[in-house]
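User: I'm new to this one. Can you walk me through its aromatic rings?
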Amino acid sequence: MFSGKQTKPTFKSYLPPLQVSETLACEIVVNEANFVRKCIGAESCQDDLWGKLVCTNFKVSFIAHNSLPRQRFQCTHRLLGEHDIPLACVEQVVTVNDVKGKQKILGSNQKLKFNPTELILYCKDFRIIRFRFDEAGPESAKKVCLAIAHYSHPADPQLLFGFEYVGKRYHGSTGERVNGVDPGGGLQTPLFDCSSDWDREIKRTGASEWRVCTINQGYFISPSLPEFFVVPVSLADQDLKQYACCFYSQRIPLWCWNHSSGSALVRMSNISDPQQQRKVEQRISSAITKSHPLRSDVFKSDLDKNLPNIQDIQAALLKLRQICVIDSFEESEEKWLSSLESSRWMEYVRTFLRHAVEVVYMLESRHVSVILLEKEDRDLSCVISCLVQLMCDPHCRSLHSFQGLIQKEWVMAGHRFLDRCNHLKRNDKEESPVFLLFLDCVWQLWNQYPAAFEFTEVYLTVLGDSMWVPVFSTFLFNCPRQRAEHSRDFASSKSIHLGQDQALCFPPVWDWSQQFSLKDQTLFNNPLYVGKIATCVQNGTVKTFTHRRSKKNYSSTLRGLPSALRNGSLGPNDTLTRRNSLMLRLRSDLSQVREQQETPSERFVRDFFSRPVDLQGLLLPQLLPSHLSVWKLYFLRWVPEAQIPQGGPITAFHKLSVLTDEIEMLQNQLRQYQGAAGTPNNLHAEHSKMYFKATSTPHQSPAPPEYLSSSFPFSPVGNLCRPGILGTPLSKLLNGAKIWLSTETLANETI
C-alpha cells in the first residue's frame, strides 16, 4: 500500500521471548516499554492513559495502569483486549521525534537513528493509535518501535501467528480429537470442502443437470481451484482435463447457483489460448445450454470491462480513510461532501450493485444462464456472484447460509486473501479491499431491507474486522491448496503428528466461540428478521406466515425522497432540494426523454418497485446516489461524535430486541398453556436469541440504558482517533443529514 521497496528482514529481537500469563498459551512477548502514555484523541489531554506498551508475536498490547471504567454493555473479544491491535491490522508504523522535528515510517528492514518521542500506528480498521514516550526510557522506546515494525512484516506465511495458534492450541495428542478440533463440533456452516456439501447445494437449488466433479483431487488440474466443484452433466471428466490448459491458471468454469427457472450462474476465467478460444467457448456454452430445461442461450458478462479493477478499489479506500480519520475536518460542507464523492468508494459500491442487478435481470426476467467472465476469476466475480444470490435467494440471507455463501464463492473458489489483505506486506500492488467492498454492498442491501436478513450490522462489522485476526483459515490463504501445503510444511518443521486429513485443522472464522461468548454472539441476531416460516400464536394456536410488505411503496419515502421519484426522475409536481440552496425543478420533458430511452433491464427494475416486495423473494436495491449511505459503524466508529449517547441505530435496536424477546416469552407461555413442548420460563433468559431481554415482570418496562451509544457494541473509550467534530459537516451526517447531489447529476443518473 505504501511506497518503498521491501527487502529481506534483518531485524533481530533485542529481548529473549518470555512466556507471560496475560497472553495466549502460544503467544510470546518480544519487547515492551514502561511509562508510556496512550493519547485519547489527536491532542494530549487529561484523559490520556498511562501504562505499558507490549509487542508480542500476535499483537500490540497496551496494559493501562489507570484504565477507564469498563462499560457494562460492551462486546468482549476472547483473543484481544480493549487496547490490543493484531499485528496484521497494523498498516503503517510511524515514529516521531518532537525535538529534532523528524518523522520516519518504519519497515522491518530499517534502522531508527533517533530516539522516538511518539509512535503512531495507522490501522487497517480505520483506527489511528498514538503513544507518547515522554517518561519512558529512550532505548526501550526505540526497541519496542522496531519490534512492532518487524513483527508486523512477517517474511513467510508460516510466521503468521495463526500457525503457532493452531499448532499449539489445536494440536492434541489423544486419538479422539484431531489437532484439538472436535470433528463436527456443532458448526452449522457448510465449508464446501467435501462433495456432500456440493451435493446438498445442487439438490437445494434443483440443478438436476449439474454434477460434482472430482478431477481436481490433490489439486491435480488447477492449483487455485477446490478439490470439488460443480460442472454440467454433459461435460465428461476427460473433456474438462483437455480444456483446462486453455484457461488462465487452469481454472475450469465453476457453477455457482441455479435459478428456479433452470437458469444457471457460472463463473469462468478467460481463455489464454487464442487459437482454442472459439472452440472451447462454444463447447462450454453448449454444455450450459443443455443443462437448462428450456435450452436457453447463455449470456456472457465481462466483469473486467464493466467494473473497476483492484487498483481502483484500493485507491478509493485510501481516499476514504483519508477523509474519515486522517484529514482535518473543515467547516465547509461542500469540501467534506465533495471529498467523499471524489474518493469514488460509494460510486464503486453502486457500480457493483448495479451490475449485479443486471445479472439478476438476465436470470429472473430473460431466463437465460449467465457466465461471469474475469481474467483469473478470483476477485470481481466473487463479489457479483454473491450479490446475485443474495438478491435472488432468501436462503442466502440467513446467517449460516450467508457464511456458507462466502465459504463457497470466496474461500474455496480461491480469492487471494493473503495477497489482497497484504498480510506479509510484500507487494502493495496486490493489496485491495475487495472483500470489504463486498461487505459494504451487502450492508447497503441490508440497510434498505433490514427485515430480510437474519444477521445484523454488528455481524457485518465483526466479519470485516476478522480479516485482521490471522488465526482462522478463512482469511489467511490464497486458495485451499496453499493452506494444505503450508500446514503440512509447518507440521513437519514442528514435528506435529497429523491426522487422517494430513493437514493442520485451522478453525474457520465461522466458529465464533473462539472470539466471542454466547452472550455476545446474540448481537448477530436481527430482531427485525422475518424468516420464511415465522411462527405466531393466534387464539392459542401456533401458525406460520410469510411477511409481505403492504402495497404502498415505502422504499423511496423511507430515504427522505419525494414519493414519485423513480429511477432518478421527478414528477411534475415534485421538487428536490440541493443542500441549502433554492428549490430546483427538473425540466418537465426529462421524464419523457428518459422513458423513451428506457432499457428492458430498467423497465424490469421499475416494475419491481411498482409491486409489493416479498422479503422472502427477490430483492433489488435502489441505486440513486441519495439511496446509498455511509457505513458509519465501520468507517466512523472511532470518531468521537460517532458516539451519540442514547442515540443512533442502537436505540432502535435495543427497543426492538426487548419487544422481540417479550413476544418469544409470551409464545412460550402460550405453548405451555396449550400443553405443547416449549422452553420453560426459568430457562428463557439463557436461551433467548436477543442481547437485550425483556423483564420478567409484565408491568415493568425496561428503560433505555444510558451508557449505550451509536458505536455499540465496540464502545471505543480509549481508542478514539480524532478530536471533536461537533458542528462540522460530518457531525450533521452522523445525525442523519443526507448527501444531496446537484439536480444536474440526478438528471443524468440511471439505475
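Analyst: Start with a term: a charge sits over a ring if NZ of Lys or CZ of Arg is within 6 Å of the ring centre and within 35 degrees of the ring normal. This is a predicted model, where local features need pLDDT of at least 70, side-chain atom pairs count only at pLDDT 80 or more, and totals for chains, interfaces and linings use all residues. Residues are numbered from 1 along each chain as its sequence is written, and side-chain values use heavy atoms, with hydrogens and water left out.

User: Which rings does the charged end of R637 sit over?
Analyst: One is the ring of Y634, with its centre 5.1 Å away. Another is F714, at 4.9 Å from the ring centre.

User: Now ring pairs. How many aromatic pairs does the structure hold?
Analyst: It holds 40. Rings of Phe, Tyr and Trp (its six-membered ring) pair if their centres lie within 6.5 Å; planes under 30 degrees apart count as stacked, over 60 as edge-to-face and the rest as tilted. Among them is W345 with F635, edge-to-face, 6.2 Å centre to centre with 80 degrees between the planes.

User: Where do W345 and F635 lie?
Analyst: W345 is in helix α9 (residues 345-364) and F635 in helix α19 (residues 632-635). They are 290 residues apart, so the pair links distant parts of the chain. Helices (H or I, at least four residues) and strands (E, at least two) are DSSP runs, numbered from the N terminus.

User: Is W345 buried or exposed?
Analyst: W345 has 0% relative accessibility, so it counts as buried. F635 is buried too, at 1%. Buried means under 20% relative accessible area, exposed over 50%, partly exposed in between (1.4 Å probe, protein chains only).
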